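User: I am new to reading protein models. Can you take me through one, feature by feature?

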Amino acid sequence: MLELAILGFLYEQPLHGYELRRRVAQLTGHVRPIADGTLYPAIKRLERAALLERRAEPGSRAAPRHTLTLTGAGRAELRRRLREAGEENLADVSDENRWFTVLAFLRHLADPDAQAAVLRRRLAFLERPSSFFYDYDASGERPLSAEEMDDPFRRGVLAIARATSRAELRWLRATLSELDASA
């Protein structure tokens, strides 16, 4: 998802490496801090793949600053990754952090049908019964609900997750209605 975030931010405008790092850190927050040892190798991979270009500019002091710009191939790659989010890799729509990264840049898909297809994959994931905790017996595994928990902290985890999911389901259904109406 780091590469998706890099492509997404550069799709919007050219950025210096420091500014790109700051924006990626703001998107991922405290959950996944971005180290230089992670960011700059990702930038180099994208540069070698001709998805972005680096241009040196005079620095405000002595050292030149490097501005990163997305190429046409980079713009196409971002749109491809967004369009295909959740098709091959369920984690794109099931992992909260990956999903938020996809969602942050989904507007760059101009086609409302393509946007709706990605949202429908997330909706299908959220509509499946699941839990963080399961009862395992001879018939298989059964998701446990908050009401079945004796532990108040696990009950809290499930209650918070349920409230969050309900809010997102409402948003997804409303947004899909809007996208369907505009298509």
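**Confidence first**

Analyst: pLDDT is the predictor's confidence in each residue, from 0 to 100. Helices (H or I, at least four residues) and strands (E, at least two) are DSSP runs, numbered from the N terminus. This is a predicted model, so local features need pLDDT of at least 70 and side-chain atom pairs count only at pLDDT 80 or more, while totals for chains, interfaces and linings use all residues. Residues are numbered from 1 along each chain as its sequence is written, and side-chain values use heavy atoms, with hydrogens and water left out.

User: What is the mean pLDDT of the protein chain?

Analyst: The mean is 89, and 95% of the residues reach 70 or more.

User: How do I read a sheet? In what order do the three strands stand?

Analyst: Start with pairing: two strands pair if DSSP finds at least two bridges between them. Here the order is β1-β3-β2, in an open sheet with antiparallel pairing. β1 (15–16) and β2 (52–57) are the edges; each has a single partner strand, so one side of each lacks a neighbour in the sheet. Six bridges join β2 to β3. Arg55 stands opposite Thr67 in β3. Ala56, in strand β2, is eleven residues from Thr67 in sequence but 6.3 Å away in space, C-alpha to C-alpha.

User: Is Thr71 buried or exposed?

Analyst: Thr71 is buried, at 12%. Thr71 sits in the loop between β3 (65–70) and α4. Ala50 is partly exposed, at 44%, and lies in the loop between α3 and β2. Phi of Ala50 is near 65°, a positive value in a residue other than glycine.

User: Which backbone oxygen lies 2.7 Å from a polar atom of the Thr71 side chain?

Analyst: A polar contact is a pair of N or O atoms within 3.5 Å; within protein, one must be able to donate a hydrogen and the other to accept it, and residues adjacent in sequence count only if both atoms are side-chain atoms. Here the oxygen belongs to Ala50. Contact, by comparison, means heavy atoms within 4.5 Å. Leaving aside neighbours within four places in sequence, Thr71 is in contact with Ala50, Leu51, Leu52 and Glu53.

User: How do I read a helix? What span does α8 reach?

Analyst: The expected span is 1.5 Å times one less than the number of residues. α8 (residues 152–182) has 31 residues and reaches 45 Å from first C-alpha to last, close to the 45 Å expected. Asp151 caps its N-terminal end, with a side-chain oxygen 2.7 Å from the backbone nitrogen of Phe153. Buried residues of α8 include Leu169, Leu172 and Leu176. The buried residues of α8 pack against α6 (96–105) and α7 (112–127).

User: Which residues touch the most other members of the largest nonpolar core?

Analyst: In soluble globular proteins, nonpolar side chains tend to be buried together. A nonpolar core is a set of buried Ala, Val, Leu, Ile, Met, Phe, Trp, Tyr and Cys residues joined through side-chain atoms within 4.5 Å. Ile6, Leu20, Leu52 and Leu82 do so, in a core of 39 residues. α1 (2–12) gives the most to this core, with eight residues. A second, separate core of five residues includes Phe133, Ala146, Met149 and Leu158.

Key
Buried < 20%, exposed > 50% of the residue type's maximum accessible area, 1.4 Å probe, protein only.
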